[in-house]
Amino acid sequence: MAGECVPFEGPDLKEMGEEEMWELINDNRHRISLGVRPCILIPYLRQARVLTEMDEDEILSCHNLTNRCMRTSYMLDLLRTQGRNGAVALLEGLMIHYPTLYTQVTGRKPSTEPSRFSGLIKYSELTEYLVRAVTGMQKELQEARCEAGRMSARCTSLESEIGQIMEQEEKSRCLQAENERMRRHLCSLQRKVTKLKDDKCDLYMRYTAAMEEKSAVNKRLHDLNLQVYQLQTELQKTQIEKEFQRQRSVRSASLAETPKLQEEVRRLRSQLVKAEKLDPARQDILAQDLAQAIDSQVELAEQLRCYREENEQLLREKQGLIDQKECLSLQVQQLTLDCNMHQQKSTMIHNQMRELQAERDQAYLSRNEAQAMIARILAEKDTLRCHLVELQERVFSLPPKRSPREQQQSCDETEICWESPRSSCEEFPFPNRRRLRRMDAVNPMSLRSCSSEREDAAASSVRSRNAEPPSSDSLRRRQEALRADRSLESAETDSLLDDFVFLPSVSSEGMQASRLCSSKGSTSDSLSRTSVPPFLMRSRPKAIRINGRVLSISFQGEAMLSQLAVVGGNKTGVFVHQVTEGSAAHTVGISPGAQIVEVKYEQKQRALRMVLEDSTLEEAMWALGQVSGLCHFSLRPRQDDYEALLQQLQNSEISSGDSFYVRVNMSLPAGPNGTLAVSCNDILHVTNTRPTGTEDSWHASQVHPCQLLDLQSGTVPNYYRAQRLLIRAIEDMSFQTKKSHKAGRVVAQSKQKAVRIVSTGRQGRNPLWVSVEEEKSTESGDTSAPKSCVTLMPYTLVTPHYPPVCRPVLLLPTVLGRILDKKLAGWQGFQLCEPEVLSFCEHASRLQRSEILEECEQERNCCYTLQSVEKVMKKGIHCVLPLGLDCVRRLHRAEIFPIIIFIGQAARSARKLRSKLQRHGQSEERLLACSRREEPLLDKLPCLYHSMAPDSWCDQTSLLTRLRTIIWEEQKKIVWVEPDLW
């Protein structure tokens with residue numbers, strides 16, 4: 001095509017003379033000096049005997065030659081002294097080691113065929129040198145891959161550092177929230193302390209009031225005592241006076257009344273004694289009041305002491321909180337500095353991304369301009385082709401004999417037809433054949449092409465209508481445009497012939513002309529005398545479109561889902577089911593039964609292309625919902641398949657056109673509404689990505705491990721909701737891990753795996769998501785791959801494989817597998833894979849074909865190969881592989897699917913194998929380290945594996961018996977293999 005760069009084939013080097021060759025080299029001397037390393041070319045030049053050992057030492061070790069360019073120039077000067085042989089050897093060395101530079105210097109394609117070499121080196125020596133060169137290049141490639149691995153590891157470490165920084169930022173936010181909470185708590189405590197002080201003041205006031213009341217009571221008691229004493233004194237005086245008067249009256253009384261008077265005296269004396277004494281009830285009351293006052297005073301003193309102790313404790317807590325606040329403030333300052341540094345790094349990365357986006361947008365603009373020019377050229381060619389077809393029809397439909405007047409009238413009408421093709425169609429209609437045209441369709445690039453044509457008319461005169469002389473650049477661009485037109489015209493003609501099949505037309509108006517009578521390409525036996533020559537006759541005047549060919553239709557796609565409804569899926573294809581009357585889709589002629597192959601539209605000044613040929617129903621509806629504005633549909637008529645799909649849907653044989661198998665990378669519990677409970681590494685058969693009544697769920701079924709049979713069915717989260725659940729599960733796991741480390745506990749490893757981390761970095765065609773691509777211009781020459789983005793995958797697409805009778809067996813961890821391989825190979829039905837000793841050439845050839853699984857002895861070229869594994873499998877027995885995990889992908893490329901068994905290890909199970917490990921020079925620590933190192937790598941394998949629990953066996957015999965049972969069970973299962981995600 002016009003966009004490809006084909007190197008110019010220069011003159012043959014064998015036919016060139018010495019001066020011509022050195023003139024060619026001197027013309028490119030600067031390029032050779034900059035791009036060639038002398039240490040790489042010198043071995044071949046020494047082999048060709050144009051340089052000696054002294055020359056090599058002088059080139060590589062001379063102190064005057066301070067850089068590589070000076071050494072290369074000095075090497076060219078030494079080769080110039082060798083004449084033509086030096087030039088030939090130099091160019092042959094460039095052809096082997098620097099093919100791109102060789103093409104730039106000579107203009108010829110590099111080739112390693114023996115006929116292209118001059119014969120300075122013997123054929124055997126040349127072959128040996130080429131093998132060494134290929135081996136060296138492979139080593140360099142391996143080093144480059146190692147470097148790429150180190151860089152990827154560095155990127156991973158940087159990502160982990162970014163994650164740590166984000167975690168520190170999260171911690172700082174948590175600390176700030178904790179600080180705020182402690183501050184609020186401190187304020188509440190201060191309020192409580194203030195309240196306690198107020199209560200303490202109230203107690204002091206109450207205590208003072210009680211003391212005052214006590215003193216008042218004491219005063220009142222003292223007054224009462226005085227009053228009692230006064231009363232007693234007055235009573236005594238009164239009694240004395242009364243007694244005196246009575247004695248005087250007694251003296252005057254008779255002696256008979258004396259006993260009575262004595263009795264009365266005694267009675268009065270007893271009353272006086274009683275009166276002299278205090279009232280005991282009042283004394284008791286006063287004593288009780290005094291005791292209560294003393295008790296209340298003691299209680300108040302005790303409460304006052306407690307309040308003092310509480311106040312001191314609150315002061316100590318306040319001081320501790322102040323110290324903790326100062327520590328938290330220091331941590332917050334440190335985290336703030338870290339956050340500022342991280343923000344600066346993020347700002348720098350965003351600036352670089354903006355620059356890259358600006359460059360990308362500029363490239364898109366250039367591509368769109370080129371596409372607009374191509375669309376304009378194609379539109380002009382279509383117009384001219386239509387004109388040519390109409391003129392040929394009119395010429396062939398004219399009667400053979402006409403009068404001069406009719407001929408003159410026909411010439412005039414022909415001129416009118418050349419000037420106005422539409423007028424000719426209106427004046428001479430053909431009822432038997434409709435004119436081939438696009439009805440109600442607009443070229444999506446026509447508007448932009450017209451604007452770009454008006455803008456570029458003054459700048460370029462390639463297709464300019466201005467009256468100005470063309471420049472040299474204009475003439476060169478015109479030649480390039482003509483060459484591009486020829487290539488595009490041939491491609492357009494081929495596609496036109498492929499898209500249409502022509503049928504014979506019915507003769508009209510008495511014209512007796514023979515036509516092609518068969519659609520398979522057979523021609524009629526004879527032509528009439530009035531027919532035109534075959535190279536001018538249009539032999540296929542009527543055309544219909546074949547089913548299976550792609551129709552291209554353009555229209556306004558606003559609210560696409562309201563214009564049409566779709567059915568189907570990735571298995572059957574996405575079909576148009578219903579079209580809204582009066583919509584733009586109905587106007588351009590879209591009808592039910594057409595398969596939507598591709599959709600093109602523009603969004604934010606970017607031309608996007610979405611491939612719906614193998615997409616699911618969910619992704620197809622999402623893609624159609626994204627379309628807005630002018631769009632370009634590619635449809636394929638498949639009415640029979642559409643009717644068969646509708647019949648299956650009506651009979652409830654299927655629920656949609658979706659059908660694919662996925663491997664679940666996370667555990668999901670059962671839920672309401674028929675949600676299916678799945679575990680990590682389960683295989684699901686998804687039969688409907690858009691069930692009725694749900695928008696974020698799939699209808700899927702669990703698959704029988706040994707047959708392609710659907711078991712329990714239900715709904716599972718769709719890809720995007722499952723991805724959010726996976727991210728949440730990973731965050732919860734990390735939080736639990738941090739919490740367990742902070743509490744100082746060791747969490748035991750769960751037997752059931754919850755999450756499998758799988759990510760993709762390549763945008764590929766997959767039924768799980770629709771392919772959205774940006775249109776690329778063929779003239780831009782940009783063949784770089786799209787940028788990769790790493791995303792977590794909750795589901796991965798898998799395909800079933802049915803392996804042969806006996807699959808190879810791979811035991812892990814490697815340290816334990818080396819011990820058990822020979823024991824297992826001694827059983828009937830098992831054989832150990834033996835290494836092969838290869839020659840140097842055979843080793844190089846097999847290494848190039850990726851047939852070497854693993855190196856055994858590097859010096860002797862002793863290695864394990866695919867042929868040795870296939871040799872054992874042909875015997876109908878299991879091949880025991882004493883290899884590592886690196887051989888799995890190589891075996892999968894050869895359609896060999898091994899049984900992978902990982903024997904879980906713990907400290908207790910490792911102690912059971914202590915004697916075996918010591919006998920083979922291993923230790924328990926090395927076995928545990930190997931197990932911990934290889935267990936995370938199992939999740940990166942593209943296939944399932946079986947894991948044995950450490951407590952499922954007790955000794956070596958039971959372990960081997962258990963392994964044999966697992967191998968027998970795994971042999972009956974279907975092998976599910978994932979595609980290569982990177």
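1. Of the 982 residues in this protein, 33% count as buried, where buried means under 20% relative accessible area with a 1.4 Å probe, counting protein chains only. The protein exposes about 61200 Å², and carbon and sulfur atoms supply 53% of that area; the areas come from the Shrake-Rupley method with a 1.4 Å probe.

2. A word on where this comes from: the model is predicted, so local features need pLDDT of at least 70 and side-chain atom pairs count only at pLDDT 80 or more, while totals for chains, interfaces and linings use all residues. Residues are numbered from 1 along each chain as its sequence is written, and side-chain values use heavy atoms, with hydrogens and water left out.

3. You will find 27 helices and 25 strands in the protein. Helices (H or I, at least four residues) and strands (E, at least two) are DSSP runs, numbered from the N terminus. Among contacts with a separation of 6 or more, 71% join residues 24 or more positions apart; contact means heavy atoms within 4.5 Å.

4. Who are the partners of strand 8? Strand 3 (residues 551-556) pairs with strand 8 in the antiparallel sense over 6 bridges, and strand 6 (residues 594-602) does so, also antiparallel, over 7 bridges. Two strands pair if DSSP finds at least two bridges between them. To find these pairings on screen, look for Ser554, whose bridge partner in strand 8 is His632, and for Tyr601, which stands opposite Cys631 in strand 8.

5. Now for two helix pairs. Helix 20 (residues 814-825) and helix 26 (residues 924-934) pack at about 115 degrees, with axes 8 Å apart. Axes are lines fitted to C-alpha atoms, for helices over the stretch in contact, and angles run from 0 to 180 degrees between N-to-C directions. Helix 20 is therefore roughly perpendicular to helix 26, a label for angles of 65 to 115 degrees. Thr814, Val815 and Leu816 of helix 20 meet Arg926, Leu927, Cys930 and Glu934 of helix 26.

6. Helix 1 (residues 18-27) and helix 5 (residues 68-80) pack at about 175 degrees, with axes 12 Å apart. These two helices are therefore roughly antiparallel to each other, the label for angles over 145 degrees. Glu18, Glu19 and Trp22 of helix 1 make the contact with Leu76, Leu79 and Arg80 of helix 5.

Note on methods. Angles under 35 degrees count as roughly parallel, over 145 as roughly antiparallel, 65 to 115 as roughly perpendicular and the rest as oblique. Buried means under 20% relative accessible area, exposed over 50%, partly exposed in between (1.4 Å probe, protein chains only).
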